[in-house]
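Q: I'm new to this one and would like to learn how to read it. Can we go through it together, feature by feature?

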Amino acid sequence: MVTPDPSFNYEVAQKTQFSDQIMSKDGQNMFRIISDVQRGLENLPLQYVYAMVFAIEEINNSTALLPDVKLGYHIHDSCALPSWAMQAVLSVVGGDSDPSVPLVIGGSSSVAAKILCRILGPLSVPLMSYTASCPCLSDRRQFPTFFRTMPSDIYQAKAIAHIAIRYNWTWIGAVIANNDYGHVAVKIFQEETQGKGVCLAFVETLQRENIVSDARRAALKIQASSARVILIFSWYTDVRELFLHLENLNVTDRQFLASEAWSTSGNLLQNVATSKVANGVLGVAIRSSPIPGFEDYLTSLNPSHRPDNEFLKEFWKNKFGCIPEVTGAETLKGMQLSFTDTTQLRVTYNVYLAVYAAAHALHSLLSCPTKEVSSGSNSSTCDSPKHIKPVEVLQHLNKVNFTTPQGELLYFRGADIPAKYDLVNWQQNSQGSLRIVLIGRADGLDLHINESAIQWSTGSHEVPVSVCSESCPPGTRKANRKGEPLCCFDCIPCAKGEISSKNDSLNCEHCPTEFWSNFDQTACIPRQLDFLSFNETLGITLTTVAVSGVVVTTAVFVVFLCYRQTPMVRANNSELSFLLLLSLKLCFLCSLVFIGRPSVWSCRFQQAAFGISFVLCVSCLQVKTIVVLAAFHSARPGAGTLMKWFGPGQQRGSVCLFTCIQVIICAIWLSLSPPVPQADLDIPGLQITLKCSMVSVVGFCLVLGYIGLLACTSLLLAFLARKLPDNFNEAKTITFSMLIFCAVWVAFVPAYVSSPGKYAVAVEIFAILASSYGLLLCIFAPKCFIIILQPEKNTKKHLMGRSGQK
C-alpha cells in the first residue's frame, strides 16, 4: 500500500533528507512480498511504486507546491490479501508509527478499499484509491473518508451503453463476472439503454471457481446466439479462458465490447488464440496521460544510487542476473521492459494524480489563508504543521480543485473525480499480432471517437450489425412478437391512407382527409380530383352511345315526318309520337350533362333535365295508352261520347299537366336544397371523385318516385290494353317498353348506391341511355320496319284487321 505520509518528519524552515522506506507494495497481483524471492517482482506494480516516488520527489523540488515542506512515505505490501492490507494500515495509523499518517493511498481492489474504509472511517483518516471502482464506494454515508482517482464503474457501463446506442447495436449478448462488478455493470447498462431500443440477448456469468465450465457454457451461448456484439465485464483471466473456448469453436466473427478490467491486458494481447477471436475489440480503458520526465527517471534508476531500496535490488537481480552489490555500470536504457514503458500510463497516472491530490490538500491546509483554528485545539495548524490531524486533511480534500502538471483540472465530487476514459481498439498489425490503438475518449457521457481509425471485427471499417430484427423502413410499423424482447419484432406495412415517415415507427399515422398515402406509404400527398370526363374511355363510350341515340331518334323523327300521312303514323297519334320522339331526344341529350367536371349549375341542370325529360316521355306513353283504351271502349254501345274527353287538346293538356308537376317538384327541390359539386372524401384512395352531392335525398327520391309512379301507371294501363283486337295494337309495344323501363330503374337503385366514385355517375347515365333505347326501340322499331320495309302493310285495312280474320 502506497502511503504518502504528510506528517513524515518535515520541518517548516528547511527540508530534511528522508531515506526511502520501501517495505512492500499493496495491490491486486502487483508484486510479491520481498521475502518470497522465488516468485519475483511484477513490472507494472513496481512502476506504480516509482510513480508515487517520482511524484513526491517532483513535489519536494517544487517551489510553488508545499514550499519549505518535505514529504516522506511508507510503502507496504498486502499481497492482494485484505487481511494484510488491514494489518499494514493499522501499523501506520496506530501506535506503531510515530507520528501516525493522516492519509493513506491504497486499497487497490474494491474489497480491500471497503475493509480499509471501515477501519479508517472512525479515525477520519482519508483513504485514496487509484484502482477501486465499485459504485458502492461513492456512498458518502457509508464511506465518508473515501476518495479515488479511478472513475466509478457506473461511468464505464454508461459509456459502453452509449457506444451501443451510437452504432445502433440493438441485440447484444453479455458475459459478466458473477459478482458485484459484473452484475452492477450490466444493470447500469440496461438502465442507460432503456427506451433506446437496445436489448440483451442473453447474460452469462463467469465464476472464477468454475471458470472452465462457465467459460465453455458462455462460448456455446455466444455461438448459438444471433447477437454479433458481445459485452464482457470480467477479469482478463476469465476472458482468456472464454476466448480459448471460442477459438476451439471457431467463433471468430463477434464484435467484443471490453470493460477496463481487460481492455488493455497485455496477457490477452500476447495470446495466440486471442488474436484469432478478439480482433477489433472496442473497449473502455483507464485514461492515459504522459508524465513528463518519468521515463528518464525510470531508466536512470540503479541500486547503486539507492542502496537501501530492496525492491530495486530484487528487480536488478531478476533482470541482470547479478548480485545486488553492483558497480552502477548496468542501465535500463534501451531495454524493452513494461517497467520502463511509459507510452500508456493508466493506473500509473492514477497513482501520480493521487499523490498530487494529497499534496494540494496539504498545501491548502498549511496555507491557512483564514487562520482557521483546528477543531478541538487552541493552536492554528499554520503555527504547528507537525500536528496535522486526519480530519483536517479530509476537509481540505473535499475542497481540492487544481490543475495538474499535464493541464488537467482535478476536483472531487464526493468520492469521485470527473469520469474520463480512453476508448481503445484492438487491431492486427502486419505480423498478425494485436496492438492497442487509441481511437477516442469518453468525457463523462460525451464520446469523442475517430471513426476512421476503428478496425472492426470484420477486418474493415464497416460497422458490424447486431440486431434481432432488421430495422423497419418507412412505410411500415413495428409489431412486437409475443413473448419476445422488444428488439424482436415484425415489420407490418401501413394500411392504405396511413404512413410512417421514420425508421422503426411504432404506429402508422392517418393522412388528413384531403391527403392520401403515396405508393410507399411514406408520405401524405394531396388527393387527386377525379370525375367522369369526356376524355377517358368510359366517358367517350357513353358519349358515343348518347349521341348515337340522338341520331337514331332524329332518323325516326324524319321517317315519321316523311310518312306522316300514312295510316301507320296517323293511326298512332302522330302528334304524341312526335312529342315522344322529341322527349326521347332530350333524354339522350340530358345524359351528356352528367359527363364533365361538375359545377354548381351543371349539378342543378342535370337532375332537372333528367327528371323533366323522362316525365315528358312517360307522360306521352301514358296518354297514348289512355287514348288506345278510350278508342276501343268508345266502339261499345252507349260509349260514343267517350273520345270527346280524349281529343287532341285533352291529350296535350294531360301531357302538359303531368310534366308541370315534375317541373314544380324540381323547382322546389333546386330552390331549397339543390345538388352541389363536392369531393367524395369518404371513399378511400388517392383519387377522390368530384360529383354532384345530393344534399336533399328527399328531393331526388321525389323526382324518381314521380317518374316511377307514371311508369307503373303506364305499364298497368298498357298491360290491360295489350289484348285489344287490332292487328297492330300499340299497347303491346308500350307494355314491353315500360317493362324494360321499370326493370332498368329498379336495377339502377342498388347499382347506384353500391358504385364508388364516378362509376355511380356512369351507372345513372347507363340507366338513362338503357331506358331511352328501350322506349325508342320497343315503340318505334316495329313501326319503322313496316313503314320502310313492308309498305304493303301500311294500310288502314291492315291496321284495323281483327284477330282471326285474313
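Predicted model: local features only at pLDDT ≥ 70, side-chain atom pairs only at ≥ 80, totals over all residues.

Q: Then how does Gln223 count, buried, partly exposed or exposed?
A: Gln223 has 37% relative accessibility, so it counts as partly exposed. You'll find Gln223 in helix 6, which covers residues 211–224.

Q: Which residues does Gln223 touch, leaving out those up to four places away in sequence?
A: Leu249, Val251 and Arg254. Take Arg254: Gln223 and Arg254 are 31 residues apart in sequence, and their C-alpha atoms are 9.1 Å apart in space.

Q: How do I read a pair of packed helices, say helix 1 and helix 11?
A: Look at the angle and the spacing of the axes. Helix 1 (residues 43–60) and helix 11 (residues 310–320) pack at about 145 degrees, and their axes are 12 Å apart. Their crossing is left-handed.

Q: Which residues meet there, between helix 1 and helix 11?
A: From helix 1, Asn43, Leu46 and Tyr50; from helix 11, Phe311, Leu312, Phe315 and Lys319. Sorted by type, the residues of this contact are five nonpolar, one polar and one charged.

Q: And the sheet: in what order do its three strands come?
A: The order is 4-5-6, in an open sheet with parallel pairing. At the edges, pairing on one side only, are strand 4 (104–105) and strand 6 (146–148).

Q: How many bridges join strand 4 to strand 5?
A: Two, and these strands run parallel.

Notes: Residues numbered from 1 in each chain as written. Heavy atoms only, no water. Axes fitted to C-alpha atoms, helices over the stretch in contact; angles between N-to-C directions. Helix = DSSP H or I, 4+ residues; strand = E, 2+ residues; numbered from the N terminus. Left-handed = near helix turned anticlockwise from the far one by under 90°. Contact = heavy atoms within 4.5 Å. Nonpolar A, V, L, I, M, F, W, Y, C, P; charged D, E, K, R; others polar. Pairing = 2+ DSSP bridges. Buried < 20%, exposed > 50% of the residue type's maximum accessible area, 1.4 Å probe, protein only.
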